[in-house]
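Please look through the model below before reading on. A few questions about its fold and packing come after it.

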Amino acid sequence: MANVLIIGAGGVGRVVAHKCAMNSDVFTSIMLASRTKAKCDRIAAEIQEMHGVTIQTAQVDADVVAETAALIRSFNPVLVINVALPYQDLPIMDACLEAGVHYMDTANYEPKDVAKFEYSWQWAYKERFEQAGLMALLGCGFDPGATQVFTAYANKHYFDRMDYLDIVDCNAGNHGKAFATNFNPEINIREITQPGRYWENGEWVEIQAMSIHKPIDYPGIGPRESYVLYHEELESLVKNFPTLKRARFWMTFGQAYLTHLEVLQNVGMTRIDPIKFQGMDVVPLEFLKAVLPAPDSLGENYTGQTSIGCQIKGVKNGEEQTYFIWNNCDHAETYREVRGQAVSYTTGVPAMIGAKLMLTGVWMKPGVWNCEELDPDPFIEQMNKQGLPVQERINVTLPHEYPTY
């Protein structure tokens, strides 16, 4: 049906490429491009061996708009799936506009020199994409992405008014490493070391990083200590669902992980400003990334599950109602299917689903959009078909405190 160009050959890029190849009725021609072509070639060989599908590979520096636009023109895709670094979102969006193709990503733009997560830079492209007759789909991973679809699905089917939203994210897996991050270490560590934020009564409340926490019971896993972080989908969800009185994001961390992280912070290894070392500028966090295990190397011996979902309280037909929608994903199963661990899988599969819905015209309209602004039903249907089965419970007791209605 369509050519698609995937930019980024890390753990998520591997999953996206595998899943696109497994849906070859829609993705009729696939190119995987990265700064390091050898990584793309290894993934292409896996896909050929496992699925019998041939994909093309290419080298590209996604920071350079002209280079990316030239690659787009030479391959002539309908859509670019950006699973590179968040720093590269804007250059890739510029290249898509220059070459006249649709765009999607899994994480919002952030400047390299400031740990700041904000949609304003990408939302500013809305008119340019509309005028070009092109679509840009932002943040179509799991969180962000599927969590926004979950919220839209709840709003459509279960609530007249949503008041309280808690996104809960647990990784109960074990990769056997003393310390490793499940996705790009730069992005992961920047995300969790910045101050936390949540939405309450029409404004953002900022807290010290990791200062609000409690055990939350995750289906099939049990209670795990969970911490309030700021996560990018909150920004668009409170904009698009203005009845929300409070919206928070919770993520689990084990004590060993937190201890390692504290030590690394204390000795300056999580800094993002350059320091002089033997006459060269070195960014400590970039050096740390180089010595940590690569996230795409963790899959083979990973055991356990992830559990990610949305817990919502609101009103339906004049009565209070609670709703919990979630997915559990098994690390070992995802490795057998696509040679990737579940954190990469839960990001890469929704990216493929969003791309599929765009290419088949189900989710296709010019402009810049977040996932919750589109019909959630076909996305949920695809999750159930593509390896991320959705579960739900209505009117259960949720592990949160709410003001009296």
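The questions and answers below concern a predicted model.

Q: How many helices and strands does the secondary structure of the protein chain come to?
A: Both kinds of element are present in the protein chain. The count comes to 14 helices and 18 strands.

Q: What share of the residues of the protein chain counts as buried?
A: A residue is buried when its relative accessible area is under 20%. The protein chain has 405 residues. The share of them that counts as buried is 58%.

Q: Is Cys96 buried or exposed, and what is Cys329?
A: The cut-off for buried is a relative accessible area under 20%. Cys96 has 0% and Cys329 has 3%. Because both values fall under that cut-off, Cys96 is buried and Cys329 is buried.

Q: How many disulfides does the model have?
A: A disulfide needs a pair of cysteine sulfur atoms within 2.5 Å. By this rule the count is zero.

Q: At what angle do the axes of helix H1 and helix H2 cross?
A: Two packed helices are described by the distance between their axes as well as by the angle. H1 covers residues 11-21 and H2 covers residues 37-51. H1 passes H2 in a right-handed crossing. Their axes come within 10 Å and cross at roughly 35°.

Q: Which residues in H2 are met by H1, and how many nonpolar residues does the contact have?
A: From H1, the contact involves Arg14, Ala17, His18 and Ala21. They meet Ile43, Glu46, Ile47, Met50 and His51 in H2. By class, the contact of H1 with H2 has two charged, two polar and five nonpolar residues.

Conventions
Residues numbered from 1 in each chain as written. Predicted model: local features only at pLDDT ≥ 70, side-chain atom pairs only at ≥ 80, totals over all residues. Heavy atoms only, no water. Buried < 20%, exposed > 50% of the residue type's maximum accessible area, 1.4 Å probe, protein only. Helix = DSSP H or I, 4+ residues; strand = E, 2+ residues; numbered from the N terminus. Axes fitted to C-alpha atoms, helices over the stretch in contact; angles between N-to-C directions. Left-handed = near helix turned anticlockwise from the far one by under 90°. Contact = heavy atoms within 4.5 Å. Nonpolar A, V, L, I, M, F, W, Y, C, P; charged D, E, K, R; others polar.
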